[in-house]
Amino acid sequence: LVGIISEIGLRAGKGLVILFLQKSDKDSWARGGVMTAESSRLFVTLDEVPESRNTVKAKIMKAKAWQNKSWDPNKRTCLFSVNAGCIDESSQSDWV
(Lines give C-alpha, C1' and ligand atoms only; values in the text may rest on other atoms or scores of the structure.)
Protein backbone atom coordinates (compact mmCIF):
# COMPACT_ATOMS: atom_id res chain seq x y z
CA LEU A 1 0.00 0.00 0.00
CA VAL A 2 2.80 2.42 0.88
CA GLY A 3 4.49 1.81 -2.48
CA ILE A 4 1.25 2.52 -4.32
CA ILE A 5 0.77 5.81 -2.43
CA SER A 6 4.33 6.87 -3.28
CA GLU A 7 3.82 6.01 -6.95
CA ILE A 8 0.62 8.05 -7.13
CA GLY A 9 2.47 11.03 -5.64
CA LEU A 10 5.31 10.71 -8.15
CA ARG A 11 2.94 10.53 -11.11
CA ALA A 12 1.00 13.58 -9.91
CA GLY A 13 4.14 15.73 -9.94
CA LYS A 14 3.07 19.16 -8.73
CA GLY A 15 -0.60 18.21 -8.88
CA LEU A 16 -2.91 17.65 -5.92
CA VAL A 17 -3.76 14.10 -4.89
CA ILE A 18 -6.48 13.34 -2.34
CA LEU A 19 -6.61 9.75 -1.14
CA PHE A 20 -9.24 8.28 1.15
CA LEU A 21 -8.12 5.23 3.08
CA GLN A 22 -10.41 3.23 5.31
CA LYS A 23 -9.32 2.56 8.87
CA SER A 24 -10.66 0.59 11.79
CA ASP A 25 -12.50 2.44 14.56
CA LYS A 26 -9.89 1.06 16.94
CA ASP A 27 -6.89 2.37 14.99
CA SER A 28 -5.51 5.88 14.54
CA TRP A 29 -3.89 5.09 11.19
CA ALA A 30 -5.12 3.46 7.99
CA ARG A 31 -4.11 -0.04 7.03
CA GLY A 32 -0.35 0.06 6.58
CA GLY A 33 0.05 2.04 9.80
CA VAL A 34 2.07 5.18 10.21
CA MET A 35 3.94 4.37 6.98
CA THR A 36 0.83 5.40 5.00
CA ALA A 37 1.55 8.99 6.08
CA GLU A 38 5.19 8.93 4.98
CA SER A 39 4.50 10.31 1.49
CA SER A 40 1.72 12.63 2.64
CA ARG A 41 2.08 16.31 3.36
CA LEU A 42 -1.19 16.24 5.29
CA PHE A 43 -2.83 13.21 6.90
CA VAL A 44 -6.24 13.73 8.51
CA THR A 45 -8.46 11.10 10.14
CA LEU A 46 -12.24 11.33 10.42
CA ASP A 47 -14.13 9.52 13.18
CA GLU A 48 -17.75 9.48 14.29
CA VAL A 49 -18.48 10.89 17.73
CA PRO A 50 -20.75 8.19 19.19
CA GLU A 51 -22.23 10.43 21.91
CA SER A 52 -23.40 13.04 19.40
CA ARG A 53 -25.50 12.17 16.38
CA ASN A 54 -24.11 13.30 13.00
CA THR A 55 -20.96 14.73 14.61
CA VAL A 56 -17.55 13.95 13.12
CA LYS A 57 -14.12 14.54 14.67
CA ALA A 58 -11.32 15.48 12.27
CA LYS A 59 -7.80 14.97 13.63
CA ILE A 60 -4.61 16.15 11.94
CA MET A 61 -2.34 13.15 12.40
CA LYS A 62 0.57 14.55 10.40
CA ALA A 63 1.10 17.96 8.79
CA LYS A 64 4.53 18.52 7.23
CA ALA A 65 4.40 21.98 5.60
CA TRP A 66 3.09 24.44 8.20
CA GLN A 67 2.15 27.92 7.04
CA ASN A 68 2.44 29.37 10.56
CA LYS A 69 5.62 28.06 12.21
CA SER A 70 4.45 29.15 15.66
CA TRP A 71 1.28 27.00 15.55
CA ASP A 72 1.85 23.24 15.36
CA PRO A 73 -1.23 21.68 13.69
CA ASN A 74 -0.23 18.07 14.48
CA LYS A 75 -2.66 16.15 16.71
CA ARG A 76 -5.19 19.02 16.68
CA THR A 77 -8.88 18.15 16.41
CA CYS A 78 -12.00 19.83 15.10
CA LEU A 79 -15.66 18.80 15.42
CA PHE A 80 -18.33 19.36 12.79
CA SER A 81 -21.80 18.07 11.94
CA VAL A 82 -22.93 16.40 8.75
CA ASN A 83 -26.59 16.81 7.80
CA ALA A 84 -28.10 15.37 4.61
CA GLY A 85 -24.59 14.64 3.34
CA CYS A 86 -23.39 18.24 3.78
CA ILE A 87 -21.13 19.83 6.38
CA ASP A 88 -23.04 22.21 8.62
CA GLU A 89 -20.53 25.08 8.81
CA SER A 90 -22.33 26.67 11.74
CA SER A 91 -21.53 23.59 13.82
CA GLN A 92 -17.76 23.59 13.16
CA SER A 93 -15.49 24.06 16.16
CA ASP A 94 -12.05 25.63 16.19
CA TRP A 95 -8.95 23.42 15.88
CA VAL A 96 -7.79 22.55 19.40
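**Stop one: a loop**

Select Lys75 to begin; you'll find this residue in the loop between S2 and strand S3 (77-83). Keep in mind as you click around that this is a predicted model. Check the backbone at Lys75: phi is positive, about 70 degrees, even though the residue is not a glycine.

**Stop two: another positive phi**

Now jump to Asn54, which sits in the loop between S1 and S2. Asn54 isn't a glycine either, and its phi is also positive, near 65 degrees. Colour by accessibility and Asn54 comes out as partly exposed, at 38% relative accessibility.

**Stop three: the whole chain**

Zoom out and switch to cartoon view. How many helices and strands does the protein chain have? Count 1 helix and 4 strands. Trace them along the sequence and the pattern reads α-β-β-β-β, with helix H1 covering residues 2-12.

For a sense of scale, the C-alpha trace spans about 40 × 30 × 25 Å along its principal axes. Of the 96 residues in the chain, 22% count as buried. If you show contacts, take those with a separation of 6 or more: 26% of them link residues 24 or more positions apart.

**Stop four: the largest pocket**

Last stop. Which residues lie nearest the centre of the largest pocket? Select Val17, Leu19, Ser40, Leu42 and Phe43, and you're there.

Now colour by secondary structure. Helix H1 (2-12), strand S1 (42-48) and strand S2 (55-63) each give two or more residues to this lining. S1 gives the most, with 5 residues, so highlight that strand before you move on.

You'll get 22 nonpolar, 10 polar and 3 charged residues around the largest pocket.

Methods:
Residues numbered from 1 in each chain as written. Predicted model: local features only at pLDDT ≥ 70, side-chain atom pairs only at ≥ 80, totals over all residues. Heavy atoms only, no water. 1 Å grid on protein atoms, 1.4 Å probe; cavity = no way out; pocket = protein on both sides within 12 Å on 5 of 7 lines; lining within 4 Å. Nonpolar A, V, L, I, M, F, W, Y, C, P; charged D, E, K, R; others polar. Buried < 20%, exposed > 50% of the residue type's maximum accessible area, 1.4 Å probe, protein only. Contact = heavy atoms within 4.5 Å.
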